[in-house]
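Morning, everyone. I have one structure to walk through today. Please bring it up on the screen.

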Amino acid sequence: LLFAALTAPIIVLAQASSSAPANPISTSQSKMYVMLSGIVVAAADKMPEANYAFKPAPDVRTFGQLVGHVADAQYYFCSSGAGETSPSTGSAEKTKTSKADLVAALKESVAYCTKVYAAMTDAKGSEMTKMMNMDFARMTVLSANVAHDYEHYGNMATYMRIKGIVPPSSEKSSSNTEGQK
C-alpha cells in the first residue's frame with residue numbers, strides 16, 4: 001500500500017507528459033522567452049525618461065544603456081541561434097539615448113527574437129552552431145539569450161527599486177496574489 005501511494009504521483013506525471021507538444025523543448029523555451037521579454041519591455045516602458053541616464057555607480061551602465069545592451073545582445077544571440085546574419089543596423093547601447101529610441105530598439109529586437117524562437121524545433125535546436133568561436137547547440141544559444149535577459153532584467157529591477165519604482169515582475173496583479181514584493 002505504501003509503494004502504491006509513493007508511485008501514484010509518478011503515474012500521474014507520466015500521464016500528463018503524454019500530451020506534450022511535438023517540440024516540447026523548443027516550445028517551452030519559446031514560452032519562457034515570450035514571458036521574460038514581456039517584463040523586460042514593460043520595465044523599459046515603465047522607467048521614466050528622466051531616469052534613463054541614471055546609473056547607481058560611475059563604472060556601470062545607465063538604465064538606458066542597459067536597455068540598448070539587451071536589444072543589441074538579443075540580435076546577437078538570436079541570429080547566432082538561427083544561423084542567420086543579424087538584421088541589426090547598429091549598436092543601440094552606444095548610439096541611442098532617448099527612451100523612445102531605446103524602447104523602439106528593444107521592441108524590434110524582441111520581435112526578431114520572437115520569430116526565431118517560434119521557428120525553432122527540437123531537431124533544429126540540437127544542431128551545432130558557432131558562437132564566440134565555440135560550438136554550441138542552437139537551443140543552448142537561445143537559452144543563453146534568456147539567461148542574459150534575466151541577468152539584465154535583474155539590473156533593471158534594481159535600478160527601478162533605487163528610484164522607488166516597483167518593477168513589473170513585482171506589481172500586484174491577478175496572477176501575483178502576494179502583491180508588491
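Where does M132 lie? Look at the loop between β1, residues 128-131, and β2, residues 134-137: M132 lies there. Before I go on, a caution: this is a predicted model.

Phi of M132 is near 55 degrees. That is a positive value, and M132 is not a glycine. Is M132 buried or exposed? Its relative accessibility is 53%, and the cut-off for exposed is over 50%, so M132 counts as exposed.

Now N133. N133 is also found in the loop between β1 and β2. Its phi is near 60 degrees, again positive in a residue other than glycine. N133 has a relative accessible area of 76%, so this residue is exposed too.

Next, the chain as a whole. How many helices and strands does the protein chain have? There are 7 helices and 2 strands. What order do they run in? Starting at the N terminus, the order is α-α-α-α-α-α-β-β-α.

Some totals. The protein chain has 181 residues, and 41% of them count as buried. Its accessible surface comes to about 10000 Å². Carbon and sulfur atoms account for 60% of that surface. On contacts, take the pairs of residues at least 6 apart in sequence. Of those contacts, 69% join residues at least 24 apart.

Now to helix packing. Two packed helices are described by the angle between their axes and the distance between the axes. My pair is α3, residues 63-82, and α5, residues 99-119. Their axes come within 9 Å. They cross at roughly 20 degrees. Are α3 and α5 roughly parallel or roughly antiparallel? Angles under 35 degrees count as roughly parallel, so α3 and α5 are roughly parallel to each other. The crossing is left-handed.

Which residues meet there? From α3, the list includes G64, V67, G68, A71, Q74, Y75 and C78. From α5, the residues include L102, A105, L106, S109, Y112, C113 and V116. E108 of α5 is in the contact as well. By class, the contact of α3 with α5 has 15 nonpolar residues, 5 polar and 1 charged.

To recap: M132 and N133 have positive phi values, and the α3 and α5 crossing is left-handed. Over to you for questions.

Technical notes
Residues numbered from 1 in each chain as written. Predicted model: local features only at pLDDT ≥ 70, side-chain atom pairs only at ≥ 80, totals over all residues. Heavy atoms only, no water. Helix = DSSP H or I, 4+ residues; strand = E, 2+ residues; numbered from the N terminus. Buried < 20%, exposed > 50% of the residue type's maximum accessible area, 1.4 Å probe, protein only. Contact = heavy atoms within 4.5 Å. Areas by Shrake-Rupley, 256 points an atom, 1.4 Å probe, with all protein chains shown as cover. Axes fitted to C-alpha atoms, helices over the stretch in contact; angles between N-to-C directions. Parallel < 35°, antiparallel > 145°, perpendicular 65-115°, else oblique. Left-handed = near helix turned anticlockwise from the far one by under 90°. Nonpolar A, V, L, I, M, F, W, Y, C, P; charged D, E, K, R; others polar.
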